[in-house]
Amino acid sequence: MVAGLGNPGEEYAATRHNAGFCAIDVLAEKAGVSYWKNQSGAEVAVINVNDAEAEGGKREVVLVKPQSYMNTSGGPISKLCAQYKVKPEELLVIHDELDIPAGDVRVKVGGGHAGHNGLRSIIDKLGSRDFSRIRAGIGNPPGRMPVADFVLKQLRSREAEDFEVMTHQAAEAAALAVTRGVVFARDHVNGGANANGKH
């Protein structure tokens with residue numbers, strides 16, 4: 001299961017906090033998803049990915065966009081994990097991350113919530129931190145701008161372009177994690193960041 005975090009509604013669509021939703025939309029578009037169903041408080045689409053080790057050479061992956069707002073994302077995600085029999089270690093969550101420079105994407109296996117309310121909700125509801133994450137870097141707010149204003153602000157043209165590039169990279173990292181494994185993706189994506197002179 002790959003779950004992107006964000007807030008539902010047009011007013012949040014082009015904001016930093018919706019990096020997860022945007023990356024899921026990229027994955028869905030590449031997989032040719034034409035229909036999302038409403039299930040357990042989330043928009044859900046099931047896609048097939050190539051996997052040589054799976055029966056029939058294909059594996060089902062559930063794409064999820066919780067519609068309950070960021071701070072309560074854990075409710076829909078935990079219900080869907082139960083329905084689809086997905087263990088915490090089979091869950092990949094894509095989310096915005098203040099502590100990473102804007103435009104950088106990192107893959108992380110397990111860990112705490114680092115103050116991210118969406119992750120906090122998932123950890124609480126799943127009763128586990130063992131899920132993996134694709135962390136979409138948005139950087140810190142400029143000056144004294146409150147974090148909430150920064151993550152929920154509509155992006156201007158140049159910012160929006162950079163943000164779109166980054167969400168495509170997050171989607172690619174997620175696809176790599178699904179097909180090659182999270183550790184491979186982490187070493188490839190995070191290692192790639194080092195090679196670019198980014199830390």
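The following exercises, each with a worked solution, concern a predicted model.

Residues are numbered from 1 along each chain as its sequence is written. Local features in this predicted model need pLDDT of at least 70, side-chain atom pairs count only at pLDDT 80 or more, and totals for chains, interfaces and linings use all residues, while side-chain values use heavy atoms, with hydrogens and water left out.

**Exercise 1.** Determine where histidine 17 lies and why it counts as buried.

*Solution.* Begin with the secondary structure, in which helices (H or I, at least four residues) and strands (E, at least two) are DSSP runs numbered from the N terminus. Histidine 17 falls in the loop between β1 (2-4) and α1 (19-30). Next, take buried as under 20% relative accessible area, exposed as over 50% and partly exposed as in between, with a 1.4 Å probe and protein chains only. Histidine 17 counts as buried because its relative accessibility is 14%. Finally, consult the record: the unreviewed UniProt entry annotates His17 as "active site", given in the numbering used here, with a shortened feature name, and such annotations may be inferred rather than shown by experiment.

**Exercise 2.** Work out which side chains make polar contacts with the side chain of aspartate 96, and how far away the nearest side chain of opposite charge is.

*Solution.* First place the residue: aspartate 96 lies in strand β5. Lys and Arg count as positive and Asp and Glu as negative, whereas His and the chain ends are not counted. Aspartate 96 is buried and has no salt bridge, the nearest side chain of opposite charge being arginine 16 at 8.3 Å. Third, look for polar contacts (N or O atoms within 3.5 Å; within protein, one must be able to donate a hydrogen and the other to accept it, and residues adjacent in sequence count only if both atoms are side-chain atoms).

**Exercise 3.** Describe how β3 pairs with β2 and with β4.

*Solution.* Strands pair if DSSP finds at least two bridges between them. Strands β2 (residues 37-39) and β3 (residues 42-50) are antiparallel over three bridges, with glutamine 39 bridged to alanine 42. Two residues separate them in a hairpin, where serine 40 in the turn has a positive phi of about 50°. On to β4 (residues 58-66): nine bridges join this strand to β3, again antiparallel, and asparagine 48 has glutamate 60 as its bridge partner.

Technical notes
A salt bridge is a side-chain nitrogen of Lys or Arg within 4 Å of a carboxyl oxygen of Asp or Glu.
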